[in-house]
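Good morning, and thank you for coming.

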Amino acid sequence: PGRVLARRSAAEDYVTHLLGAADVSLQGMRLAVDCADGAAAATAERLFTSLGAECYMMNAEPDGSRINREGGPLHTEQLADEVVRHKYFAGIALDGDADRCVLVDEKGNLLDGDKMLAALIYDRKEKDDLPGGMVAVDAASNMGLSRFCESLGVSAVTVTEPAGIPAELRRSGGALGGSPGGHILEIPYATAFDGQLTALRLLTLCRERGWKLSRAGALMERFPQVTVSIRTGEEGKARFMIDSRLQQAVREAGEQLGHEGRVRAWVADAEPLIFVSAEGRDFEEVNRLAVALAKEIAEQAEMEADRKEIRISVKGTDNLPSPFWVLADKHYIGQVFVNLIINSIRYGKEGGQTRIRFRDMLDKILIEVEDNGSGIAKEDLPRVFERFYRTDKGRSREQGGTGLGLAIVKHIVEA
């Protein structure tokens, strides 16, 4: 059983809270505000007009059926046209749940999350208000943002996805982080991403400094960037994470760009995707490298289970307490399961089966990975945890790798 509490003053309380982040008036500032027919329609106009701004509202009559359909950060063309044609100071594009935004300057140019974050970094650095001298940035952020941070003596700590930004700031004691898509977190003003707060902070920054929005957007030089997504299964993601050949391919591609560029590849936490990103000053070279590397990764990370027609089954999850918590390092414990499952698939027989079973052991959760492959000879069992040990049969050098990798598994489990 639960409770439902009606707080009729919630919208007003929220606006009042956001106004605490602005200590200047926006009197005379003309804005075009796109609410994407979502949550911000209830508060955005009230927020900005309370500070004296004049607002032209777009996509601000939600009925639940058109959210993000024609407006928001992914559809800024109409907003940019309005800003330029009617000479607005800025355009604000909020997404449906209002946790992020992008801005459009007076010339119709887009300020994405990287450019907005650069302006906030500059402002807080000048005011000596950047705890830890660091910011948390998304893996997809442009290299220009990293170079900008270096020029200011600010450390840019990379996380794999926007969802990891709050945890990184808590861990490091930082106060500012964001992603190219416009998810920005600013402590102490908020503890979660907030698009209206982000827009408000950028507008007040410009008013304080007497800047046009295009001036804030010009702080960071944007490098040509090409990002390619590779759709694969969980086995493909796992193979990419542990295959040293693929990691070497990424490093070698990056070496071709040298200091004037970089190449990265990473897996999405919540989606069956691997991302490849290349950045540098020469777009043609960047594009060539990104496409070639993505093709190589896609070919090598192809689901081996499908090729060998191995059936993968998961049993026992229905009998587990929900939710259950495990005290472990997410990254390292993930390596353990990736290694066991990939070994099972790699060395399993065609048409075989891999079973993953969960057992509730009261104060522990037992997880078993089992297959019906040829197995390991009895005389080899005492040595399987040696780092480079190979058995003579199924684990041959021709199949790649330097061994079973069980030494790493043992080290992590016993740590």
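This is a predicted model: local features need pLDDT of at least 70, side-chain atom pairs count only at pLDDT 80 or more; totals for chains, interfaces and linings use all residues.

A disulfide is a covalent bond between the sulfur atoms of two cysteines. For C55, the closest cysteine sulfur belongs to C35 and is 9.0 Å away, which is too far for a bond.

Let us turn to the aromatic rings. There are three aromatic pairs. In one of them, Y56 and Y88, the ring centres are 6.2 Å apart and the planes meet at 10°, so this pair is stacked. Y56 belongs to strand 2, while Y88 is in the loop between helix 3 and strand 3; the pair therefore ties together parts 32 residues apart in sequence. Y56 is partly exposed, at 35% relative accessible area, whereas Y88 is buried, at 9%.

Y122 and W211 form a tilted pair, with 5.9 Å from centre to centre and 40° between the planes. Because Y122 lies in helix 4 and W211 in the loop between helix 7 and helix 8, this pair ties together parts 89 residues apart in sequence. Both Y122 and W211 are buried. The ring of W211 also has the charged end of R209 over it, 5.4 Å from its centre, and R215 lies over the face of W211 at 4.5 Å from the ring centre.

Finally, helix 4 itself. Twelve of its 14 residues are buried, so helix 4 is largely enclosed by the rest of the structure.

Conventions. Residues are numbered from 1 along each chain as its sequence is written. Side-chain values use heavy atoms; hydrogens and water are left out. Buried means under 20% relative accessible area, exposed over 50%, partly exposed in between (1.4 Å probe, protein chains only). Helices (H or I, at least four residues) and strands (E, at least two) are DSSP runs, numbered from the N terminus. A disulfide is a pair of cysteine sulfur atoms within 2.5 Å. Rings of Phe, Tyr and Trp (its six-membered ring) pair if their centres lie within 6.5 Å; planes under 30 degrees apart count as stacked, over 60 as edge-to-face and the rest as tilted. A charge sits over a ring if NZ of Lys or CZ of Arg is within 6 Å of the ring centre and within 35 degrees of the ring normal.
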